[in-house]
Amino acid sequence: MSFFLEVLIGGLLSGVMYALVAIGFVLIYKASGVFNFAQGAMVFFAALTCVGMIDKFGMSLWLAIPVTMAVMVVLGLAIERVVLRPLVNQPEITLFMATIGLAFFIEGLAQLMWGSQVHKLDLPIEDVPIPYLMDNYNIIVSQFDVTAAGICALLVTALALLFSRTRIGRALRAVADDHQAAQAVGIPLQQIWAVVWSVAGMVALVAGLLWGARNGVQFALTFIALKALPVLILGGFTSIPGAIVGGLIIGASEKLAEVYIGPMVGGGIEGWFPYVLALLFLLVRPEGLFGEKIIRRI
Amino acid sequence: MFYREAGQFKTTYESDNQIFPIRQDRYAMLAVLALALLVVPLFASPYMLSAILIPFLIFSLAALGLNILTGYAGQLSLGTAAFMAVGAFASFNFVARVPGMPMLLAFVLGGLSAALVGIAFGLPSLRIRGFYLAAATLATQFFVVWCLTKIPYLTNYSTSGVITAQKIVILGYVFDTPATKYLLVLAIVSLMALLAKNMVRSNVGRSWMAIRDMDMAAEVIGFRPMRTKLLAFAVSSFYCGVAGALYAYAYLGTVEPEAYNLDLSFRILFMIIIGGVGSILGSFLGAAFIVLLPVFLNIVAHGLSLPTSVASNLELMVFGALIIFFLIVEPHGLARLWQIGKEKLRLWPFPH
């Protein structure tokens, strides 16, 4: 039983990380209708830049983080200016393919700037089991994972407040509802997009730091985007609670499946199990758990 | 001036409906085919044949497959490499397990197996669309490659998972030199391209395009979406399957799951974006572009004596930038540029 709980908790905690990446997607999708395939590349870019600042320029972590944030904001602004602005009013699928191109570009750029070797990233949180849980319940839960989940929770709360209580948040929701109507009442569309992409860049940085500290900062970080996709399908593309719940479901079920079904079929099913789960779910409810009902007209 | 169809009268339906209604196109196509069939095998070096022309033709075929699905039927797919893998492994198994299996039949059967898998994974397209579907096709990609690595039966219990492809023997003739392999691939690709061209300008192609342009409206006026979409998945996967088999047999010489990774899927997607979505010619142009670009960049990097890691990263960046560039500036790709060029040539040198 304690083993089951351990796997479940481990899965839920890694699900929080998936959710964090998925939120980056949701932010951009809500505000601009762009399905940003490059989010994984942005996570990689952010983590690599931060580590590069520390390794190459000898910055401390606390200096490197704000500098990287500034870099991510600049990147967000550049993407808005160069890629998105000329593609306004194009079909969603064109925008999606453009972000695939963007993902390749950012991956190449990151490695060109900082090299392609694996970097170690030390955050001041230790990756050891929490003593209390281990002593009393014999469950091994990493302190690092719990702290990471806490940071994610903080970030999500901050974002939720930003979006529900501030002027920018209100403007953003208006843009998400209808670009043209928002423009007509005087909301500056391009500014809103720039804000959103910058925020998504910062979320990518947080995700990149947490994942990078766990697994090393390496190219594999870009595959996080592929992990976040089933989360989005499950939760719905437009809902932040959906991304969180979807992340938890995917994280937990993936680990449980790997542990309990994996040995029967040769292991390694983590790669596709979330997709199949999400697909089966889609067949029942095509808009995801919390997605908006899709109404289609001719 | 070079491209004037004045004086070419069509007096029968047949002549009006042919693939190349303009005489210049017809002759140009014949000249290209003659060049590819007769001159190239004589004069091209083995490197040219096996490192550039053969992959170019094979990728063209795969791009053709994806273009049928994405360009004509409007179903975005990121699982092209998976269908190629199914084609390659199915062909391998048919040859390995059925005694006296003719090679060409094995390719066809490989393509048909890919078509079956394509239909199975195309089923979600009936309920979901757009990038939900793109994400679903990623499932194909991961699942198929996982199956091929984990199920030993499919790799004929090879210990390393990497298998040498059998020799291509057709009617007792062994295709083992680059030139003969090239001719075989050329023949198959030309034939299938001709088929595809005819398919997309017939009933079938029109129904695909109707579904692509507005699926609900198409449904209302009587196209059956289920049949049309699944047919598109089947035909597209068939093309990709045959391309995958050729990729293993005529290009790599090995059959291994890792050769059919997500990266290959993306590269083929890039081919159709750069070449032209919804164009047969575009599949060929895009494949040529994507095959030649790394070669070109390597020469440039070599000339500037850049290290290889820089060159490979530059390649990623150039690929990405080109995709964005084409989507913004010319969403119909190289094929559209060619068309514009033809229109210009028609009036040249007096543009009024």
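A salt bridge is a side-chain nitrogen of Lys or Arg within 4 Å of a carboxyl oxygen of Asp or Glu. You'll need that in a moment, but first some ground rules. This is a predicted model, in which local features need pLDDT of at least 70 and side-chain atom pairs count only at pLDDT 80 or more, while totals for chains, interfaces and linings use all residues. Residues are numbered from 1 along each chain as its sequence is written, chains are lettered from A and ligands numbered from 1 in the order in which they are written, and side-chain values use heavy atoms, with hydrogens and water left out.

**Stop 1: a pair in chain B**

Select B:Arg212 and B:Asp213. Their side chains meet in a salt bridge, 3.0 Å from N to O. How open is each partner? For this, buried means under 20% relative accessible area, exposed over 50%, and partly exposed in between (1.4 Å probe, protein chains only). B:Arg212 is partly exposed at 32%, and B:Asp213 is exposed at 55%. As for the idea behind such pairs, side chains of opposite charge can pair when their charged atoms come close. Over all chains, the whole structure holds five salt bridges.

**Stop 2: charged residues in chain A**

Now pick A:Glu80. You'll find A:Glu80 in helix 3 (residues 61-84) of chain A; helices (H or I, at least four residues) and strands (E, at least two) are DSSP runs, numbered from the N terminus. Is A:Glu80 buried or exposed? A:Glu80 counts as buried because its relative accessible area is 3%. Show what surrounds A:Glu80, where contact means heavy atoms within 4.5 Å. Apart from neighbours within four places in sequence, A:Glu80 touches A:Arg85, A:Gln190, A:Trp193 and A:Ala194. With A:Arg85 there is also a salt bridge between the side chains, 3.0 Å from N to O. A:Arg85 is partly exposed, at 29%.

Next, select A:Lys227, A:Glu254 and A:Lys255 together: salt bridges link them in a network. Zoom in on A:Glu254 and A:Lys255, whose closest N and O atoms are 3.2 Å apart. A:Glu254 is buried, at 1% relative accessibility, whereas A:Lys255 is partly exposed at 24%.

**Stop 3: a helix in chain A**

Stay in chain A and click on A:Ile249, which sits in helix 11 (residues 240-260). Its relative accessibility of 36% makes A:Ile249 partly exposed.

**Stop 4**

Hop over to B:Ser113, in helix 5 (residues 103-122) of chain B. B:Ser113 counts as buried, at 18% relative accessibility. Beyond its neighbours within four places in sequence, B:Ser113 is in contact with B:Val86, B:Ala90 and B:Phe94.

Then select B:Ser305, in the loop between helix 12 (280-303) and helix 13 of chain B. B:Ser305 is exposed, with a relative accessible area of 61%. The C-alpha atoms of B:Ser305 and B:Leu293 are 18 Å apart, with the two residues 12 apart along the chain.

**Stop 5: where the chains meet**

Show both chains. The contact involves 41 residues from chain B and 44 residues from chain A. Together they bury about 4000 Å², 82% of it on carbon and sulfur atoms; buried area is the accessible area (1.4 Å probe) that two parts lose on being put together, summed over both. Highlight B:Phe131, B:Tyr132 and B:Met317: they supply 19% of the area that chain B buries against chain A, more than any other three residues. Helices 6 (130-150), 9 (215-220), 11 (262-275) and 13 (308-329) of chain B each give at least two residues to the side touching chain A.

**Last stop: confidence**

Colour chain B by pLDDT, the predictor's confidence in each residue, from 0 to 100. The chain B average is 87, and 99% of the residues score at least 70. Within chain B, strand 2 (residues 168-170) has the lowest mean, 79, and helix 10 (residues 225-252) the highest, 93. The model as a whole scores ipTM 0.83 and pTM 0.88.
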